[in-house]
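The following report describes a protein chain for a reader who meets it here for the first time. Please consult the sequence and the structure alongside the text.

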Amino acid sequence: MNGPEGVRADPPADAPAPPADEQARVEAAARESTARGRFRLPLLEVRNLGLLGVLVLLILAGSFTKPAEFLTYDNVVVILTLASVSGVITVGMTFVIIGGGIDLSVGAIVALATVWATTQATQLYGTGGVIFCALAVGVGCGLVNGLMIAYGRIVAFIMTIAMLASARGLAINISSGHTQTLNADNQTLVNLGYKDNFLFGRIPPLVIMFAAVVVVGWVVLNRTTFGRRTFAIGGNQEAARLAGLNVRMHTLLLYVLSGLCCGVASLMLIVLTASGTSANGNLYELDAIAAVIIGGTLLSGGRGTLVGSVLGVLVFTTINDIFTLNNLTTATQQVAKGVIIVIAVLVQRLVAERRAGADPV
């Protein structure tokens, strides 16, 4: 007999029955892990106000240093468009990290997907073929990551590093190091990336795609059984397993979801550049993880918000834009990102220690 949706009420027949007091403790831990994701959300959203304050300060800094360029309509469109591509990847990364994992291969998957989707062979099937190839590569790489981590019991850090190397190598081999360009049969995709192409007034299509992905991701994370299980597994994987959750299958699905987001981001890059190259997605994993961390999601899993991750993406994209407008080098931008990540992790640890000290024994 089954309990609530997807949760087995009866343990396997050959599984040893835990003592009654241990069973009660495990069930209480599982309920606490689930409730943590459900009921601490308002507190994390209050914390996001701090990120909003940082974003406002950055806007003021950009306006002060480049008053004639920063707050122009064209520059705001550039910021939002660039944030859209990395933001979609960050949505998938948020799910993976809340579930207790990590995915270092997202940038390489994006590179492989853009290259494969823009080769002449795949373009023979038109725009539909390009879209299918980009999404299929993303989902396929996510599936391999998930299978090896969940069922092959390979540490996520090692498996995704291996995927990073393999996907980047495949992208170089397929393209022979050359940029693959879309042909005339895919003009529909190219048109979406034109500077003057807007929807609903003056909103770029890619920004609307990003908003749609965020809304769907927020609903799945905060209003569905899948989202509650993600918080529960990330908070206490063993308790979730003993409570009857299929931890391995759920972990597999989290990496497939991350791969799917990479496929969508690849399509957005193809739309922007009308091409694919093995250099695409370089350091995207750093940007996505950094945005998730400063957005308040714990690297240990079990706690986080999608809204915080989106704010993190906007903060990093705005910093990049200010640095670019002020002619600061890419290396300087990377140093600034590294400093911000360290500060965010230190703040997370201080907050966790204060909470631990405040919890009743």
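Leu-143 is located in helix α6; helices (H or I, at least four residues) and strands (E, at least two) are DSSP runs, numbered from the N terminus. Because its relative accessibility is 37%, Leu-143 counts as partly exposed; buried means under 20% relative accessible area, exposed over 50%, and partly exposed in between (1.4 Å probe, protein chains only).

The model is predicted: local features need pLDDT of at least 70, side-chain atom pairs count only at pLDDT 80 or more, and totals for chains, interfaces and linings use all residues. Residues are numbered from 1 along each chain as its sequence is written, and side-chain values use heavy atoms, with hydrogens and water left out.

Leu-143 belongs to a nonpolar surface patch of about 540 Å², together with Val-144, Leu-147, Met-148, Tyr-151, Met-249 and Leu-253. Two or more residues of the patch come from each of the elements below.

| Element | Residues |
|---|---|
| α6 | 126-150 |
| α12 | 247-273 |

The most is given by α6, with four residues.

The chain has 15 helices and two strands. Of its 361 residues, 47% are buried. The chain exposes about 17600 Å², and carbon and sulfur atoms supply 68% of this area, by the Shrake-Rupley method with a 1.4 Å probe.

The largest nonpolar core has 78 residues, and those with the most contacts inside it are Val-88, Ile-89, Met-93, Met-268 and Val-315. A nonpolar core is a set of buried Ala, Val, Leu, Ile, Met, Phe, Trp, Tyr and Cys residues joined through side-chain atoms within 4.5 Å. Leaving aside residues up to four places away in sequence, Met-268 touches Ser-84, Val-85, Val-88, Leu-206, Met-209 and Phe-210, where contact means heavy atoms within 4.5 Å.

One aromatic pair is counted, under a rule that ring centres of Phe, Tyr and Trp (its six-membered ring) lie within 6.5 Å, with planes under 30 degrees apart stacked, over 60 edge-to-face and the rest tilted. The pair of Phe-95 and Phe-226 is tilted, because the ring centres are 6.4 Å apart and the planes stand at 40°. Phe-95 lies in helix α3 (residues 73-98) and Phe-226 in helix α10 (residues 225-235), so the pair ties together parts 131 residues apart in sequence. Phe-95 is buried, with a relative accessible area of 2%.

Note on methods. Patches are made of residues with over 30% relative accessible area and no salt bridge: like charges are joined within 9 Å, nonpolar side chains (Val, Leu, Ile, Met, Phe, Trp, Tyr) within 5 Å. A salt bridge is a side-chain nitrogen of Lys or Arg within 4 Å of a carboxyl oxygen of Asp or Glu.
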